[in-house]
Amino acid sequence: MPHILIVEDETIIRSALRRLLERNQYQVSEAGSVQEAQERFTIPTFDLIVSDLRLPGAPGTELIKLGQGTPVLIMTSYASLRSAVDSMKMGAVDYIAKPFDHDEMLQAVARILRDRQTVQASGEPAVGKAANGAAKPGVDNSNGEIGIIGSCPPMQDLYSKIRKVAPTDSNVLIQGESGTGKELVARALHNLSKRAKAPMISVNCAAIPESLIESELFGHEKGAFTGASAGRAGLVEAADGGTLFLDEIGELPLEAQARLLRVLQEGEIRRVGSVQSQKVDVRLIAATHRDLKSLAKIGQFREDLYYRLHVIALKLPALRERGADVNEIANAFLARQSARINRTDLKFASDAEQAIRHYSWPGNVRELENAVERAVILSESPEISADLLGIDIELGDLEDDEFIGLPPQSAGNASNSSHEPTEDLSLEDYFQHFVLEHQDHMTETELARKLGVSRKCLWERRQRLGIPRRKTGVASES
């Protein structure tokens, strides 16, 4: 069982993180400062150190030296993101921005420990590390330096293009459905580029409220808006010298698109509230599941920005288009999940293999990973049956575990609507009904809270069901 050391001075955060890791079969020790960790433990004996950047006394980066090769995952707030990038240059294996969700932390921890095992087994450095701590499914070293599983013809063509494009500084637009692994392609482009030793900053444009996205991307000066008590660097600045990956760029507001265009044209940014510009050197990789050219024609995306992004376009096929790759990826997930619970006897029954091969996987690789994890947890015998995967033709495109399962009359004021949902609605029908009914007078945060899901889950469900986020209506979420 991997042994993890948490170094965090805030007791609430430290305790919550300890419980999260222990629930997921990790042995955990904790300390409130670097000095306490030195006094209580032999630091190099741990498999992983998760430390806050700012601590009483010595900073968390001091553990990089004290760990003598033990990987250190740095936690930091967006306000000190520049310092987090600096910590990676000092030798931290990765950083993760606070506040983080549970899945993000668990994915980062699992990936780092897996990479550590690879290094120990082969004596070579592992590739494919995420720059923001969020690992995506479908990664291993089976395809050499690319780090993506799959050998079908469309993927082989993609690998060839990645190897050609990566060494250049050209902008790249990655297209593909949600859950296909677009960030994996971006990471491969970064890792194979001359910028590989510099940071790769990943941003999901749909996960940041419109009122905050310009400040998050480009930074702001003190007093630029209400609550701006201090100046702050943006994520574009943090990516200086490296790669900026903008996921779901089709959701970027037009005002932010204009600022981004200046970065691409002039190589400079201007913080919100500032009158001075500063030079930045970033390579931009963008991703979307939407048709940007069509959006440009109707005025929802800047045409000049589209042509700046569309220098190189890479198309990532959906999982249903990848043939036997789906079983190969499923087996990789099975091996990973089995290792997490210390079981070596699990395998797919023949009916499960058939179900995996012939199911359409509307949620793509992300849905496949969820299904395999669920099956491993619920399996009581060495053979995993098709039933344990929890997929079927009618409701396969729903991820039920993302919903709290409230009956329609218990969520918000839906029961007061003239179009009251009935008890026989599926979760999909209820979700669509509730969002359409309330999006004009609720913010995205309020909608997500009422549905019992995260903002990111709400956004992903909107994309899957074709319910675009309104650009007008509730004005601010700040």
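Student: How do E6 and E11 pair, and over how many bridges?
Tutor: Strands E6 and E11 pair in the parallel sense, over four bridges. Two strands count as paired if DSSP finds at least two bridges between them. Helices (H or I, at least four residues) and strands (E, at least two residues) are DSSP runs, numbered from the N terminus.

Student: What should I know about the model itself?
Tutor: This is a predicted model, in which local features need pLDDT of at least 70 and side-chain atom pairs count only at pLDDT 80 or more, while totals for chains, interfaces and linings use all residues. Residues are numbered from 1 along each chain as its sequence is written, and side-chain values use heavy atoms, with hydrogens and water left out.

Student: Back to E11, then. Which residue there is the bridge partner of Val172?
Tutor: Ile285 in E11 is the bridge partner of Val172. E11 also runs parallel to E8, to which four bridges join it. In that pairing, Leu244 has Leu284 of E11 as its bridge partner.

Student: How many residues of E11 are buried?
Tutor: Six of the six residues of E11 are buried, so the strand is largely enclosed by the rest of the structure. Buried means under 20% relative accessible area, exposed means over 50%, and partly exposed lies in between (1.4 Å probe, protein chains only).

Student: And which way do the residues of E11 point?
Tutor: Arg283, Ile285 and Ala287 point one way from E11, and Leu284, Ala286 and Thr288 point the other way.

Student: What is the strand order in the open sheet with E11?
Tutor: The order is E7-E8-E11-E6-E12, an open sheet of five strands with parallel pairing. Strand E7 (200-204) and strand E12 (312-315) are the edges, each pairing on one side only. From one strand to the next, the twist averages 20°.

Student: How many bridges are there between E7 and E8?
Tutor: E7 and E8 (residues 243-247) pair in the parallel sense over five bridges. Met200 stands opposite Thr243 of E8.

Student: Which strands does H7 lie across?
Tutor: Helix H7 (residues 182-191) lies across E6, E7, E8, E11 and E12, and runs at about 150° to E6. Axes are lines fitted to C-alpha atoms, for helices over the stretch in contact, and angles run from 0 to 180 degrees between N-to-C directions.

Student: Different topic: helix pairs. What describes two packed helices?
Tutor: The angle between their axes and the distance between the axes describe them. For H13 (residues 325-340) and H15 (residues 364-378), the axes come within 9 Å and cross at roughly 45°. H13 and H15 are therefore oblique to each other. Angles under 35 degrees count as roughly parallel, over 145 as roughly antiparallel, 65 to 115 as roughly perpendicular and the rest as oblique.

Student: Which residues of H13 and H15 meet?
Tutor: On the H13 side they include Val326, Ile329, Phe333 and Leu334, and on the H15 side they include Val365, Leu368, Val372 and Val376. Contact means heavy atoms within 4.5 Å.

Student: At what angle do H18 and H19 cross?
Tutor: The axes of H18 (residues 444-451) and H19 (residues 455-465) cross at roughly 95° and come within 9 Å. H18 and H19 are therefore roughly perpendicular to each other. The contact is made by Glu444, Thr445, Leu447, Ala448 and Leu451 of H18 with Arg455, Leu458 and Arg462 of H19.

Student: Now E1. How many of its residues are buried?
Tutor: Five of the five residues of E1 (residues 3-7) are buried, so this strand is largely enclosed by the rest of the structure. His3, Leu5 and Val7 point one way from E1, and Ile4 and Ile6 the other way.

Student: What about E1 and E2: how do they pair?
Tutor: E1 and E2 (residues 27-31) pair in the parallel sense over five bridges. Val7 stands opposite Ala31 of E2, and Ile6 stands opposite Glu30 of E2. Four of the five residues of E2 are buried, so E2 is largely enclosed by the rest of the structure.

Student: Is Thr76 buried or exposed?
Tutor: Thr76 is buried, with a relative accessible area of 1%. Thr76 is found in strand E4 (residues 72-77). Thr76 and Leu53 are 23 residues apart in sequence and 5.8 Å apart in space, C-alpha to C-alpha.

Student: Finally, how many helices and strands are in the protein?
Tutor: There are 19 helices and 14 strands. Of the 478 residues, 52% count as buried. Among contacts with a separation of 6 or more, residues 24 or more positions apart account for 67%.
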